Amino acid sequence: MNKDQEHHYPEVIGENVNQLLAQLDAYISKPELLQDLKQSLKQLSDVKFALDESSIVAVTDAKGKIQYVNDKFCEISKYPRKELLGNDHRIINSGHHDKAFMSGLWSRISSGKVWRGEIKNKAKDGSFYWVDTTIVPFIDADGSPYQYLAIRNEVTELKRVEEELQMMMSQVLQIQEEERRKFSRELHDGIGQSLFSLLIQMDRLIGEEPESEIALLRQHVTSIIEEVRSLAWQIRPSVLDDLGVIPAIRTYIDNYTSHFGIGVKLESSLRKRLGALEETIIYRVIQEALTNIAKYADVSEAAVAVSDKESYIEVRIEDKGKGFETTSRSKGVGLFSMEERAKSIGGKLDISSEIGRGTIVILTIPSYKR
């Protein structure tokens with residue numbers, strides 16, 4: 001047993017339960033009340049024992065000062081108990097989460113609400129670990145938190161697997177887009193240019209024999225050239241690589257409105273180029289969401305907004321059409337594709353919809369991934 005284990009530290013939660021149990025017989029004369037109190041205190045002691053055995057537990061005061069940690073907390077953080085008590089959780093701050101994340105956490109628990117989420121922490125030896133965390137505020141008679149109980153379970157291995165899958169998905173998407181880019185260029189610059197050369201030769205022949213059937217053939221070749229250009233655009237628009245995501249979206253919306261008869265209002269505060277993968281994912285998500293609107297929403301108008309929020313990029317696609325039940329929706333290929341694309345760059349996709357009131361799709365890309 002080390003010195004940290006030999007030292008007595010306050011339990012804070014359920015402290016003195018055993019002493020109270022031993023004294024009850026001397027002060028309680030009613031057998032039923034005595035039995036109920038003993039059973040309740042025993043259950044409290046058992047629950048605390050089970051919690052300490054299964055989870056990483058910490059208790060802080062209203063200002064966030066650590067008042068209690070169990071053995072599992074010391075084990076995973078590699079800090080002795082005496083270095084943790086009296087400190088706050090910045091001692092294990094990994095620096096992974098931004099100020100907005102921590103502010104949101106504190107705002108929620110200080111208002112008396114339970115917070116749940118995953119946190120990346122840093123152990124004393126410099127290693128990192130992830131914990132799935134639930135923080136429960138204990139409320140006093142005035143409705144203000146006087147203590148916070150944090151219950152954590154390590155999910156480091158799960159996060160490692162998730163990150164590997166995310167990296168693999170990102171690589172797959174990059175390869176897929178690169179092949180699209182090559183195929184699109186080949187269609188436009190290869191087959192498209194060959195057809196255009198053929199068109200010039202036909203024009204020369206038509207000039208020599210204006211009444212020949214080549215003129216009719218020329219119309220067919222012209223139609224094929226337009227189809228090839230359209231196909232190349234649909235596979236991957238060159239403007240996405242040359243000028244960026246906003247010009248690409250603007251051109252896509254022009255074609256979309258012309259084809260489906262749905263007017264789309266585009267607003268953007270994005271004034272800079274993003275990474276190639278980020279721009280591609282924004283473009284594909286907007287493309288998929290607008291396609292869904294054309295198929296299912298039954299509207300004549302929609303809206304797209306791309307906002308640079310400094311710490312993240314938000315893309316919002318909205319319609320006021322039929323909507324659908326989000327709780328019972330079957331996840332089609334389109335929704336699955338959008339969600340996986342968002343995850344591949346550490347972003348997230350939120351979809352809200354209401355029958356008769358429309359649908360909102362929001363793609364968020366954190367700044368630290370850019």
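Predicted model: local features only at pLDDT ≥ 70, side-chain atom pairs only at ≥ 80, totals over all residues.
Residues are numbered from 1 along each chain as its sequence is written, and side-chain values use heavy atoms, with hydrogens and water left out.

View 1. Strands here are DSSP runs of E with at least two residues, helices are runs of H or I with at least four, and both are numbered from the N terminus. Two strands count as paired if DSSP finds at least two bridges between them. Contact, here and below, means heavy atoms within 4.5 Å.

**View 2. Zooming in on β1 and β5.** Strand β1 (residues 56-61) pairs with strand β5 (residues 145-154) in the antiparallel sense, over six bridges. Look for D61: its bridge partner in β5 is Q147.

**View 3. I91 in its loop.** You'll find I91 in the loop between α5 (81-84) and α6. Setting aside neighbours within four places in sequence, I91 is in contact with Y79, E83, L84 and K122.

View 4. E118 and K159 form a salt bridge, with their closest N and O atoms 2.9 Å apart. The term means a side-chain nitrogen of Lys or Arg within 4 Å of a carboxyl oxygen of Asp or Glu. This pair links distant parts of the chain, with E118 in strand β3 and K159 in helix α7, 41 residues apart. In total, the structure holds 29 salt bridges.

View 5. An unreviewed UniProt entry places "domain: PAC" at residues 115-167. That span is 23% helix and 57% strand, and its end C-alpha atoms lie 28 Å apart. UniProt, again in an unreviewed entry, has a "coiled-coil region" covering residues 151-178. Here the chain is 82% helix and 14% strand, with end C-alpha atoms 45 Å apart. UniProt positions follow the numbering used here, feature names are shortened, and annotations may be inferred rather than shown by experiment. V161, L165 and M168 make a nonpolar surface patch of about 270 Å², and M168 lies in helix α7 (residues 156-208). Patch residues have over 30% relative accessible area and no salt bridge; like charges are joined within 9 Å, and nonpolar side chains (Val, Leu, Ile, Met, Phe, Trp, Tyr) within 5 Å. Areas come from the Shrake-Rupley method with a 1.4 Å probe, and for residues only the protein chains shown count as cover.

**View 6. The mixed sheet.** Another open sheet has five strands in the order β6-β7-β8-β10-β9, with mixed pairing. Its edge strands, β6 (263-268) and β9 (348-354), each pair on one side only. Helix α10 (residues 245-260) lies across β6 and β7, at about 170° to β6. Helix α11 (residues 276-297) lies across β6, β7, β8, β9 and β10 (358-366), at about 10° to β8.

**View 7. The hairpin and its neighbour.** Strands β7 (residues 301-308) and β8 (residues 312-319) pair in the antiparallel sense over six bridges. They form a hairpin with three residues between them, and E310 in the turn has a positive phi of about 70°. S307 stands opposite E314 in β8, while the bridge partner of E314 in β10 is T364.

Methods
Axes fitted to C-alpha atoms, helices over the stretch in contact; angles between N-to-C directions.
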